[in-house]
Amino acid sequence: MKLLIQLVLWVIIAALGYLLFNAIYGEVKFNEVKEKRYLAAIENLKDIRVAQLAHKTVTGKYEGDFTKLVRFIDTAQFTLTQRRDSTIRDEVRSKELGVDMVKDIVIIDTLGFRSVKDSLYKAVNGKSKDRYKTMINVPVEGTDAKFEMTAGFIEKSNLQIPVFEAKVSKETLLFDQKKDYLIKEKQVVSVDAVNGTHLTVGSMIDINSNGNWPKSYGANDE
């Protein structure tokens, strides 16, 4: 009887050990997949932000239509300028005072133009210079999902301020992972993690073009 009890206990210990190992190993593998996919998604979000900031620089607003954003990158140009200080005669004060008066001015010279595409997207570190054409696609094998992208204006101090937002849900990025781990990941709150249910850059409620990922994933600001 004593031997039987010992055998049963050893079986129970072995079973519990197996379950514990599987739980730990499963979470480790989940985190490996998560990190890889988050990094890939963040690279796309950075490219989208670069395109949106360029669009705002040239047009004064952001673009919510991806097809139009790509067309802008393909065709638009930055104006290259040079700022220089100068001094000229102040006609009004000279007339008022009866003596020659001068005033300082700033002159902006146009030096030329440069393609937005060539300025922003270069073939470096294995990245394609044409990657902006597919940056809206979620870079996860097995899904044909796309990033959500919106743009518009919000009112601040009686001014219409342009804003944009691009995002993808954790559920989309981790669609084939164990649901228990996914639920836990969507509820995470930590300075070293991506908080909330989405990876996001920009905002439709604040004047903000930053990403919501921690610095460990790469720069999250401009």
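Leucine 120 is placed in helix α4, which spans residues 116-120; helices (H or I, at least four residues) and strands (E, at least two) are DSSP runs, numbered from the N terminus. With a relative accessibility of 26%, leucine 120 counts as partly exposed. On this scale buried means under 20% relative accessible area, exposed over 50%, and partly exposed in between, with a 1.4 Å probe and protein chains only. The C-alpha atoms of leucine 120 and alanine 54 lie 8.5 Å apart in space, while the two residues are 66 residues apart in sequence.

The model is predicted: local features need pLDDT of at least 70, side-chain atom pairs count only at pLDDT 80 or more, and totals for chains, interfaces and linings use all residues. Residues are numbered from 1 along each chain as its sequence is written, and side-chain values use heavy atoms, with hydrogens and water left out.

**Overall make-up**

The protein chain holds 6 helices and 5 strands. Read from the N terminus, their order is α-α-β-α-β-α-β-β-α-α-β. The protein chain has 222 residues, and 31% of them count as buried. Its accessible surface is about 14300 Å², with 55% belonging to carbon and sulfur atoms; such areas come from the Shrake-Rupley method with a 1.4 Å probe, and for residues only the protein chains shown count as cover. A contact means heavy atoms within 4.5 Å. Among the contacts in the protein chain with a separation of 6 or more, 60% are between residues 24 or more positions apart.

**Nonpolar core**

In soluble globular proteins, nonpolar side chains tend to be buried together. A nonpolar core is here a set of buried Ala, Val, Leu, Ile, Met, Phe, Trp, Tyr and Cys residues joined through side-chain atoms within 4.5 Å. The largest such core has 36 residues, and Met135, Phe147, Leu173 and Leu199 touch the most other members. At least two residues of this core come from each of α1 (2-59), α2 (66-75), β4 (159-169), α6 (179-186) and β5 (198-202). Helix α1 gives the most, with 8 residues.

**Strand pairing**

Two strands pair if DSSP finds at least two bridges between them. Strand β3 (residues 148-156) runs antiparallel to β4, and 9 bridges join them. Across this pairing, alanine 151 stands opposite phenylalanine 164 in β4. Strands β4 and β5 are also antiparallel, with 5 bridges. Valine 168 has leucine 199 in β5 as its bridge partner.

The hairpin of β3 and β4 has 2 residues between the strands. Most residues other than glycine have a negative phi, and most peptide bonds are trans. Serine 157 is not a glycine, yet its phi is positive, at about 55 degrees. Asparagine 158, not a glycine either, has a positive phi of about 65 degrees. Serine 157 is exposed, with a relative accessible area of 70%, and asparagine 158 is exposed at 69%.

**Aromatic rings**

A pair of aromatic rings is described by the distance of the centres and the angle of the planes. Rings of Phe, Tyr and Trp (its six-membered ring) pair if their centres lie within 6.5 Å; planes under 30 degrees apart count as stacked, over 60 as edge-to-face and the rest as tilted. The count by this rule is 4 aromatic pairs, including the two below.

| Pair | Centre distance | Plane angle | Class |
|---|---|---|---|
| Tyrosine 38 and tyrosine 217 | 6.0 Å | 50 degrees | tilted |
| Tyrosine 62 and phenylalanine 164 | 4.8 Å | 55 degrees | tilted |

Tyrosine 38 in helix α1 and tyrosine 217 in the segment after β5 are 179 residues apart, and their pair links distant parts of the chain. Tyrosine 38 is buried, with a relative accessible area of 0%, and tyrosine 217 is buried at 7%. The other pair also links distant parts of the chain: tyrosine 62 is in the loop between α1 and α2, phenylalanine 164 is in strand β4, and 102 residues separate them. Tyrosine 62 and phenylalanine 164 are both buried.

Lysine 178 lies over the face of tyrosine 181, 5.4 Å from the ring centre. A charge sits over a ring if NZ of Lys or CZ of Arg is within 6 Å of the ring centre and within 35 degrees of the ring normal.
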